[in-house]
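Here is a short briefing on one structure. Keep the sequence and the model open while reading.

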Amino acid sequence: MRIERHLAGLFPEEINGILADSVPAFRARQIFGWLHHHAAASFHEMANLPKELRRRLEDLFGQPWPLNLVTKRVAGDGTEKYLFALDSGGTIETVLLPEEKRQTVCISTQVGCAMNCSFCATGKSGFQRDLTAGEITAQVLFVQNRLQGEGKQLTNVVYMGMGEPLANYEAVLRSVRLLNHPQGLNLGARRITISTCGLAPRIRQLAEEDLQVNLAVSLHAATDQARSAIMPINKAYSLNELLAACDYYTAKTNRRISYEYALISEFNDAPEQAERLGELLRGRLCHVNLIPVNPVDQEVRPSPQRIAAFARVLERAGVPVSIRKERGTDIEAACGQLRRRSLEGQDVAEHGGQV
Ligand code: SF4
């Protein structure tokens, strides 16, 4: 097991383990509460801690969150996208999707990604490293801090940013349990969604965790041949293996699985592919999200009519389906786009500053 080195990734008893020589146990619970319940951005805010302890925390951990804001962009529809530089190196993206009744944050789990899906800007930038649980959790705390300034509360967390969450399994699970913690944000597991490009063995492992998190599976094609052409992971775990693992997840958790399907013109958007997808998913406890592709290189988005026709075929097959509303297209809200620009040196520090 890896040792978590960021304060935001530690449970109260672990904080206590670090400080036990000098402070009573209740101080560790207070620190955890400041971080995860109040989303405090600085040790200075932790008013009921002795000054000496706050100084010690600063010496040990530097700052509560290991993130530094590089760029913030706000789209016309209210979507906010953040590019963070990490204390331990690398940059990641986090997105806030505000709605009237829901405040959803989309978080990253790795710096880059090794999965190399052909339509994804993050995949094209390569893989650097896994995030720690503290780096994952801190993205949520940053957004919660930002929302509470407006008297709002974060309601949902989706692990759909940069990286393959199930390839960083241990840190992702730790972060889920931190978000779930009754003395912290206390976010119900049913408000948390983990996405995957299809790591079948990890889906089975997740099914055993006694967690009620939602699972979103990136399908994007209805045949092995087409899926392998855009998602190399399909060569390791075929559609059959993937769907069997998803069935196992449903059987264990009774949770409905979301299948994500990015529609790419002239590639996977024909009525025959919709028929095939309907055959694959018919009778399964699931929902299909159709996503008009956000062009990264050569991909072209199908027309709204073609997307609607695809959805109708699925409906006729009895598969629940919705067409995802586009968010933040004017700020490159799709996974990895802003970071890719930044790496190419086109767009850094527009609204720079330390968090
Ligand atoms: S789509 Fe997801 S899994 Fe695929 S390369 Fe991009 S970040 Fe990785």
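A residue counts as buried if 20 or more other C-beta atoms lie within 10 Å of its own, with C-beta atoms placed from the backbone. Gly123 has 24 C-beta neighbours inside 10 Å, so Gly123 is buried. The model is predicted.

**Ligand shell**

- The ligand is surrounded by 12 residues.
- Cys113, Met115, Cys117, Cys120 and Gly123 are the closest of them.
- By class, the shell around the ligand has seven nonpolar, four polar and one charged residue.

**Gly123**

- Gly123 sits in helix 4 (residues 121-124).
- Which residues does Gly123 contact, leaving aside neighbours within four places in sequence? They are Cys113, Met115, Asn116 and Cys117.
- Gly163 is 40 residues from Gly123 along the chain, yet their C-alpha atoms are separated by 8.1 Å.

**Phe127**

- Phe127 belongs to strand 6 (residues 127-130).
- Is Phe127 buried, exposed or partly exposed? Phe127 has 18 other C-beta atoms within 10 Å, so Phe127 is partly exposed.
- Not counting residues up to four places away in sequence, Phe127 touches Gln110, Gly112, Cys113 and Ala114.
- The C-alpha atoms of Phe127 and Ala114 are 4.9 Å apart, and 13 residues separate the two along the chain.

**Helix 7 and helix 10**

- The axes of helix 7 (residues 200-207) and helix 10 (residues 239-253) come within 9 Å and cross at roughly 5 degrees.
- Helix 7 is therefore roughly parallel to helix 10.
- From helix 7, the contact uses Ala200, Ile203, Arg204, Leu206 and Ala207.
- From helix 10, the contact uses Glu241, Leu242, Ala245, Cys246, Tyr248, Tyr249, Lys252 and Thr253.
- The residues of this contact divide into nine nonpolar, one polar and three charged.

- Ala39 is not a glycine, but its phi is positive, at about 50 degrees.
- Ala39 lies in the loop between helix 2 and helix 3 (51-61).
- Ala39 counts as buried because it has 25 C-beta neighbours inside 10 Å.
- Asn254, also a residue other than glycine, has a positive phi near 60 degrees.
- Asn254 is placed in the loop between helix 10 and strand 10 (257-263).
- Asn254 counts as exposed because it has 9 C-beta neighbours inside 10 Å.

Terms used:
Residues numbered from 1 in each chain as written. Predicted model: local features only at pLDDT ≥ 70, side-chain atom pairs only at ≥ 80, totals over all residues. Axes fitted to C-alpha atoms, helices over the stretch in contact; angles between N-to-C directions. Helix = DSSP H or I, 4+ residues; strand = E, 2+ residues; numbered from the N terminus. Parallel < 35°, antiparallel > 145°, perpendicular 65-115°, else oblique. Contact = placed C-beta atoms within 7 Å. Nonpolar A, V, L, I, M, F, W, Y, C, P; charged D, E, K, R; others polar. Near = placed C-beta within 6 Å. Buried ≥ 20, exposed ≤ 12 C-beta atoms within 10 Å, placed from the backbone.
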